[in-house]
Every structure is written in C-alpha cells, then in structure tokens.
Amino acid sequence: MGKKIKKEVEPPPKDVFDPLSVESKKAATVVLMLSSPEEEVVSKACESLYKFAAKGDENKLTLLELGAVEPLFKLVTHEDPVVRRNATMVLGIMASHNDVKKSLRQLDATHAFIARLAPEEDVVIHEFASLCLVHMAVEYNSKVQIFEQGGLEPLIRLLNSPDPDVKKNSIECIYSMVQDFQSRAAVRELNVIPPLLELLKSDYPIIQLLALKTLGIITIDRETRVMLRENQGLDHLFKILETKEFNDLHVEALGVVANCLEDADTVQLIQETGGLRKLLAFTEVSTLTDFQKNAAKAIAKSAYDPENRKILHEEEVEKCLVALLGTDNEGTKVAAAQAISAMCENLASKQTTGTLGIPQLVQLLSSDNEEVKEAAATALVNLTTAHLGNASVVAEADGIEPLISVLSSRRDGAVASAATVLTNLATQEPLRLSIQSHGIMSAIVEPLHSSNSLVQRTAALTVAAVGCDADARAELRNMGGLEPLVKLLHSRNDEVRRNACWAVMVCASDEPIAAEMTRLGALDILEEINLSIGRKNNFSEVALEKILDHNLPQKYSQMGYLASNNIILDGFYDYGQVKRGVKLLSLEELSAQELNDRRAIILVNAKPPEAEAPATTEEKAHELHARNTSTVRKTSREKARRNGELLCNFDSPTEEKPDSPGRSSSVSKGSTREKGSRKGKGKKEEEKPKEEEADHAHKVVEEVPEKAVWLPPFDPILLDCITEASKAILPLASTKEQVVALAQFVADKLGGVIERDKLHEFSWELHISEIEFELKCNVVPIGKINKGTFYHRALLFKVLADRIGIGCTLIRGEYTRAWNEVKLVDESPLGIPGLLIPPQVFIVDLMFQPGHLMKEGTAEADRYRRI
C-alpha cells in the first residue's frame, strides 16, 4: 500500500477579491453601501437602515440629511425582489416624517409605489408601498397624483388581501383619497361598496372603523347610497348598531345611516323593516352622548325632505327629540333643538312638539351655554311661526321673560331668534301687552344698535309688532330707541331698511314721536329712499306720509295734498310748493324774516292767546301769582321795546269778542303789538329767593331772565269765521247741503263770485301785498284776507270743513290753482229703493259757481282745475 500524499489546496484566482466582513457603527457608512453593486450588501444595508429608522423620527431625519432617500428610492425598482422589498420597507417607515414626504414628492415617488401594488409583488412590498401612499395621501397634491396615476384601482383590489396590514393601509389611503369629490365618484365606478362591507366583518376594530369612516364619506353622494342599499349595506350597519360589543363603532355606523336617511326611499325601507323604530328607541336609552348627538343630527338632516318628515312623525320622533332635550350633554341638546326646528315644517309635528317640547325649550333659554340658548330660541321661532296655539303655550310656560333676557346674548343668532319669537307672540293682543309689561322696548334698544343685519332686521320687526300700543312707543322713545331705529333707514340691506320703515310707520302714529324722528333726520332719509327706485319699498312711502301727517305744513308744501283725515289745526301755514327734500323753515323763523317779494305765507291760527300761555310748573305758577303784577307787566313791555319782537303786527278785531270779556272794542296797533309781545314771547319771569331772617320782615326780589317761548299770532277774524260758519251750516240736514252752503260761505268771505272770463281782472295779488306791507311781515293770517283766489279759498274751505266735521281733501294744482274733493252718495236710481250706492268724488266750485259740485273725471271738473 503506497504512502498517502497530502493534497494541496489550490489558491483562489488572482483576479478574485477575498470576502471581507465589515462591522459598521455609523449610519453614514451604511448609506454609502446603498450604492454597492452587490445585491447582498445592498439588501443587508437596507435591513440595518430599517431597524435604525424604526427607532424614532430623529433617526429618519438623520437618514434624510445623509442623503439616503434618493438611493433608497432607486432601489424600490431594483431587479432583485429582496432588495425591492427591503428598500420599500425603509421608505415606508420613513415616509411618516414630513420632511421625508416632501423629498419623496420632489422625486415624484407615487408612481413607483403604485407600481409596487401589482399582484405579482410580495405581500410585504404591498404592505409598505401602501403604507408609503397612506403617508403621502395626507397632502392634496399627492392625492391628485395618486388619482391621476390610477392608484385607486390597485388599492381597492388590495382590500381583499389576506394580510390585515395590507387591508388596513389600503382602506386608510382610500379614506384619505375620498375626501375629494373626484375620488368619491371614481371609487363608486370601481364598485368599492362590496369590499367595504366585507371589511365590516373583520376581526380587527381598526379596519372596521376605517371602513365605516370611508362609507360615511362616500355616502354623501346619493348614487353611492343607492349602491349601498342595493348591496344590503343597511343590514350590516344595523347589525353593528344592535351589537353591544361594537359600542366603539356605533357613532360611525350611525353617521352612515344618517346619510342614508336623507333618501325617502331608504327611510321608507328602514321603517318597513322596523329599523327606524329600533333606532329611535336605542337613541333614547343610549349611554353614548356622541351617539345621541349624531342621531339627532341624522334626524335633522333627514327632516329636510317632506316625505321623510311625514315618516318620522308617524314613528313619533318628537318624543325622542324631546327626551334628548333633557340630557346632560350640551351638544345633544343643541342637535335635538335643531332637529325640532327641521321637523316643524310638518304641521302635525309642530303641533305635537309644541305640546311636548315648548316647556323644555323655554327652560333651555336660561342655559349658561350660549349655543344652547340659540338653538332653543331658533326652535321656538319655527314652533311659533304661523301657529297661535304654540305662541300661547310659550307664554303659559313663562317664556316671555327669558326670551327678553336672551336679547342681551352675545350670540347674534340667539338675539335674532328671540326677537322673532317675541314678534310671533305679539300678533296676539293679550300676549303683546304682556310682552310690553316685561320691558321689551327697553331690551330691544341694544339689538337696534347691533352691526349684524339679521339682528337689525328682526329687532326692527319686533318694534313694528309691539309698537302698536302707545305706551310701548313712549317707552321706546324714553329709552333712546328712536335714534338707532332711524339710523337703520340708512342700511344697504333691503330687509333691514324695509323693516325699519315699517317700524317708523308704526311709531309715527304719535305726534311727539313723529317730531322726534323728524329731528333725527327720518324725514330726509325717507324722502331720499323714496326717490330711489332700488331702495324704496312698500313701507317707505307710507312711513313718510305718516311722519308728514304730523307735519302738515311740510306735507302740503311738498306733496300738494292733504287727505280728509289730515285735520288742519291751529299753527298750520301754507308756504307754497317746494321740491322734495327741501325742509321748511319754522313759522317762527319765517316770521322773523324781512318783508320780501316771495309769495305770502298763509297762516291758520284761531287759538286765543289766553290758551297759549307757556306751561309752567305749579311752583312757578305760585311764584308768579305772588309777584307784583304791575311790576312784571312794566318789565315785560320794557324788554319788548328794548329787544324788538319777532312777531308781526296785526289789527285787532273791530268788535269785542263775546267769549273774551274785558277786551277793548277799539285797540290801536301799538297796543295790539304790545299785547302780542307779552302773550307770544312769554313773560320775563322773576324769582324771589327768600332769606330766612330772625324777624321774617324782609324779602329780596331778584329778576332772572328765562328763554322766551315763541307762539304763533292769534287770528281773531278766523275764530269769528269758524263760529259763524258752525252756526249757519251745522243745522243743515245733509252733507251735500252743508258742502254747498260752506262753499258759498267761503266764496262770500274771499271776494264773492268771479266770472270765468274776468278772472284776470280779479286783483287778489295787490290785496295780499297790501296786507304784507301793513303787517311788515311775509306771514299773513287767512282771516285778514278779503280777496282770495283758488288756493286761498280751497285752504279756508278745508279749515272750516275740518272744524265742522265735513270730510274733504285739499289738493294743490299749478298756477295758483287748488281745489277740494268731497265724497257724497248720489241719489239712488229710480225703481230701486234702498239700494246702497258707493260714494262718488266731487270737486267743489269755490270761484265761478260757488257750491256747484263737479263729478270727478268730467270735463267741467278738469276745466276748473286747469287754466
């Protein structure tokens, strides 16, 4: 046997590198290894980088700063599946960092990750590629890229993956994508409903939750809800709601059901299967506040459809909603009140809720939560609108006081709703009086100052509703509410301006309030509004006329018309025609002007001076009585001579007035001026400050001047004329006879009958000028006029008719023309006894045939009114 010879080991080829095991402790070194051509080296580098990145966000940022993202992204498309898998894993976990996501967007990485979702790829690649898309889909531009690059289809396919992580990542990415309406439509076309319903059966709650959230978003679209119903999706949802173990999913499942309840077909289907009754019952007893809140929201959303409201009422949804008002959760109370508001569109539901829920809603008005107050007030608005019964229930539940307190709320919506409810209640007189007694006008002033147009609109409407009573109007004036109300007339909002005009129209029923609003500029604003085609409204013209009704001189000068209910009182004056927007000077200012060549201003004032003394307090009256009368009169005369009077000089009557004993039958102009000065300007009062002395023997009298009160001069001739006309005309049997007699009386007083052909020879202008020169004043009392033309006679006819009680209008024409219209009942046609004929309008002739009545619209009537 031969000797064994040891076999020599052949050395490696000279061109082969000996294997080298390297232990790296720096991430930078491993990042450099990503560029190695050796697949095993790259794979192991990716593994170590994955472990490093998984430790925290700081490490992810470190790898980004070391430039690892770009080489890793290149490896995602590597030929070797292991390298692709490991590289995708690293980027999948790094993509949760915002800076990494930004870097991936710059690299346009979405297309590569979508490609990794292909069926032939490894499940791990599916998991981390979808995870990377989840992180990137948070940003809008990335969602657009995923959508445009066809990423939804592979994501929906992966919902059927056997791996739960892949399912979770895929549904989460889809959930982010369907926030955009384009993606919602796309997933519907890709038939996403069946796989989503399968995910509801998953053993993993997070997958079920994401599936429900996704369904909640995509069922916003009606077409998707139809698909869900066709795939029996409601059965899956109600199974979740009926399973107590799925409590954490109930809120989301209810959200999907809420969307489905918008469709009448779905509501009817749920009703037929008994699901609606179960849902309402479960809502009442549920311990989940979010569930109750969302259930109320679902009812509110469904109730916007008339058919749904009918079905919900049949299921007695009102009981459920009223029960929710009593929960401890503020959000649930708000949602329930909003649902009640929506259900009120159904009249039967409004009636039912009014009986059951109004007391609880009234209690919520006192809540510390402003949102609850607003929701409760809004519900009461809908309950009381066009429903007198519910309005009475609110009052019976002591709701007026809390409603008025809500007017001071910090939320504009609450204030507006409270004001609207009070307006609804004020349509009933007993409730209106109760509202007034609680100080509504004091409380409404603050809302009138609001800058919110809704609050302004409702507050003005409340003033219009409650202002029907004089006490309420007086309270509004005393509390300073007229100023903000007048300011609302300037509003650019049509509704605000309209309601403000309405309120002004109502408040202007009282002369003091009309005068105050005029002082605040309401007259000028309303004139401006009515001149604008776009701004005037149904109430602006009436409001203007209402204010002018208490300022008849302005009304007649501006509008050239006084209605039969515009009674001319003492102090009226005819200035002549003015353009709209021109404000008349006061009679005092006109009396103070020097004599000029303008048309004479005709004054009506038959009030005796004894009745025109300025009012004083009892204390001042007592002091005046105690003074030395002769000293006071002497002082007044001296003051008048020294300062000069604004009054005009008038001749006194030639006969002694029977109702004014002691008046001289022949008084000089000077004495008349002196008496007028004393009566018109008011007495310069003296005060007697008393000093208590030991012997009470002396009194110190000191004169203290007071501001004189100007009063219009008395026209005794007009007073005689009124007395004479009353005695002669009132005994006449019929109105027609009274009109004819009064016309003849006026014509006799102002120059008699004038022949039509000789009208130009009637020299009334010279007569008026002589009176002006005699009085040294432009203001002429109508009683002093003996020759008057159309407008003098028409004015005197109106004055006397108003005093006697004959209804007539006064209308100004052109070129000194004016006329009166009266309404008279003509004789019944023969053969029809007892037939009631409507009154006809006649124009009264005061010039050519005094007492002749011309039927409106006839040729002779037109000829009388025009030259």
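Let's start inside helix α25, where Glu370, Val372, Lys373, Glu374, Ala375, Ala376, Ala377, Ala379, Leu380, Val381, Leu383 and Thr384 are buried. Please keep in mind that this is a predicted model. Twelve of the 15 residues of α25 are buried, so the rest of the structure largely encloses this helix. Its cover includes α23 (330–343), α24 (347–364), α26 (388–396), α27 (400–406) and α28 (412–425).

Helix α25 runs over residues 370–384 and spans 21 Å from its first C-alpha to its last, close to the 21 Å expected at 1.5 Å a residue. At the start of α25, a side-chain oxygen of Asn369 comes to within 2.9 Å of the backbone nitrogen of Glu371. After the helix comes Ala386, with a positive phi near 55°.

Now to the aromatic rings: a search of the whole structure finds nine aromatic pairs. The planes of Tyr50 and Phe128 stand at 90°, with ring centres 6.0 Å apart, so this pair is edge-to-face. It joins distant parts of the chain, as Tyr50 lies in helix α2 (residues 39–53) and Phe128 in helix α8 (residues 123–136), 78 residues apart. Tyr50 is partly exposed at 24% relative accessibility, while Phe128 is buried at 9%.

Phe73 and Phe113 also form an edge-to-face pair, at 6.5 Å centre to centre and 65° between the planes. Phe73 is buried at 15% relative accessibility, and Phe113 is buried at 0%.

Elsewhere, Phe790, Phe848 and Tyr864 form one aromatic cluster.

| Charged residue | Ring | Distance to ring centre |
|---|---|---|
| Arg756 | Phe848 | 4.1 Å |
| Lys776 | Phe773 | 4.3 Å |

How values were computed
Residues numbered from 1 in each chain as written. Predicted model: local features only at pLDDT ≥ 70, side-chain atom pairs only at ≥ 80, totals over all residues. Heavy atoms only, no water. Helix = DSSP H or I, 4+ residues; strand = E, 2+ residues; numbered from the N terminus. Expected span 1.5 Å × (residues − 1). Buried < 20%, exposed > 50% of the residue type's maximum accessible area, 1.4 Å probe, protein only. Contact = heavy atoms within 4.5 Å. Polar contact = N/O pair within 3.5 Å; in protein donor to acceptor, adjacent residues only side chain to side chain. Phe/Tyr/Trp six-rings, centres within 6.5 Å; stacked < 30°, edge-to-face > 60°. Lys NZ or Arg CZ within 6 Å of the ring centre and 35° of its normal.
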